[in-house]
Structures are given as C-alpha cells and as structure tokens.
Amino acid sequence: MIVKELMTLNPVTTAPGETLTRAQIKMKAGGFRRLPVIHEGKLIGILSEYDLRPYLESLDTTVVLEAMTPDPITVSPDATLEHAVALLKGKEVGALPVVCYGKLIGIITASNLWFPEPRPVPEWVRH
C-alpha cells in the first residue's frame, strides 16, 4: 500500500497570522491534534497541540507563526506506508503532511496507520 490510499485528503489548515485560539478551535472542532500551516499556497509549518502548551495563557494574543514547527517533514503520496512509518518513528512525529509538486494535498497520521493485528483462525473454524 501507499500513502495516498490512507491519507486524509485536503486537511484543514491554518495560516501563520491566525491566533492560536482560532487554530485551537479548528483542532477541537475537527478532532485534530495538528494543523498544517499554509502561507501563499505553500506549506511552511505544522502546529500541534504540543506546540500550544507553552502559550496556554496567551492563546488570544499569540499567532501561529510563533508557536508552529517550521519546515515539517513531508511525504509523497506515492511513498510506501513502510516509508511513512519509518519517518514517523525515526523523527518522532505524529503526522506527515503529504505534498505533491510542492502543494499540500493531504496528511497521514500515526492513527491512519494503525491496522488490526492479524489473528490465526481458531482450530474449530478450520475445515
């Protein structure tokens, strides 16, 4: 399988000049833990719940640019899931923006990659 088969298409994004309050509202409304940050059509960062923690007393007065992680690690939609998992684990991140020809087209998260573990068929079911 490849990334484009499991990624979330057209993820909700935020802008570098938005307040952290507005970004947090988007996260809560969608049940997201992170938002890609887009400026002039380009991915410039990613904002996670973790990035908000130091600013909890100033969410209304702090903009995304101040709290985001710049230049996030990205993945191609044609990358293998094994490659995506290796990046997530190796870089200790929870999500990878999916970029095609410089444009954000999706996001793949650790939770997108959780698969049920295969179980053997019980003896009594076999014929």
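**Surface and burial**

I began with the surface of the chain, which exposes about 8,400 Å², with carbon and sulfur atoms supplying 56% of it; these areas come from the Shrake-Rupley method with a 1.4 Å probe, and for residues only the protein chains shown count as cover. I kept in mind that this is a predicted model, in which local features need pLDDT of at least 70 and side-chain atom pairs count only at pLDDT 80 or more, while totals for chains, interfaces and linings use all residues. I also noted that residues are numbered from 1 along each chain as its sequence is written, and that side-chain values use heavy atoms, with hydrogens and water left out. I then looked up burial and found that 38% of the 127 residues of the chain count as buried, where buried means under 20% relative accessible area, exposed means over 50%, and partly exposed lies in between (1.4 Å probe, protein chains only).

**Helices and strands**

I counted 4 helices and 6 strands in the chain, taking helices (H or I, at least four residues) and strands (E, at least two) as DSSP runs numbered from the N terminus. Along the sequence I read the pattern β-α-β-β-α-α-β-α-β-β.

I next followed an open sheet of 3 strands, which has the order β1-β6-β5 and antiparallel pairing; two strands pair if DSSP finds at least two bridges between them. Its edge strands are β1 (8-9) and β5 (95-100), each of which pairs on one side only. Helix α4 (residues 81-91) packs on this sheet and touches β5 and β6, and its direction makes about 130° with that of β5; contact means heavy atoms within 4.5 Å, and the axes are lines fitted to C-alpha atoms, for helices over the stretch in contact, with angles from 0 to 180 degrees between N-to-C directions. I saw that β1 and β6 (residues 103-109) pair over 2 bridges, with T8 standing opposite I107 in β6.

**Nonpolar cores**

I looked up the largest nonpolar core and found 12 residues, including V3, M7, L87, L96 and I108; such a core is a set of buried Ala, Val, Leu, Ile, Met, Phe, Trp, Tyr and Cys residues joined through side-chain atoms within 4.5 Å. The elements that give two or more residues to this core are α4 and β5, and the largest share, 4 residues, comes from α4. Apart from this core lies another, of 11 residues, among them L20, L59, V64 and A67.

Just after α1, G31 takes a positive phi of about 70°.

I found 3 salt bridges in the structure, each being a side-chain nitrogen of Lys or Arg within 4 Å of a carboxyl oxygen of Asp or Glu. One of them joins D78 and K4 (3.2 Å, N to O), and it links distant parts of the chain, with D78 in the loop between β4 (69-70) and α4, and K4 in the segment before β1, 74 residues apart. E18, R22 and K26 are linked in a network of salt bridges: R22 meets E18 at 3.3 Å, N to O, and the closest N and O atoms of K26 and E18 are 3.2 Å apart. I noted that E18 counts as buried at 16% relative accessibility, whereas R22 is partly exposed at 47%.
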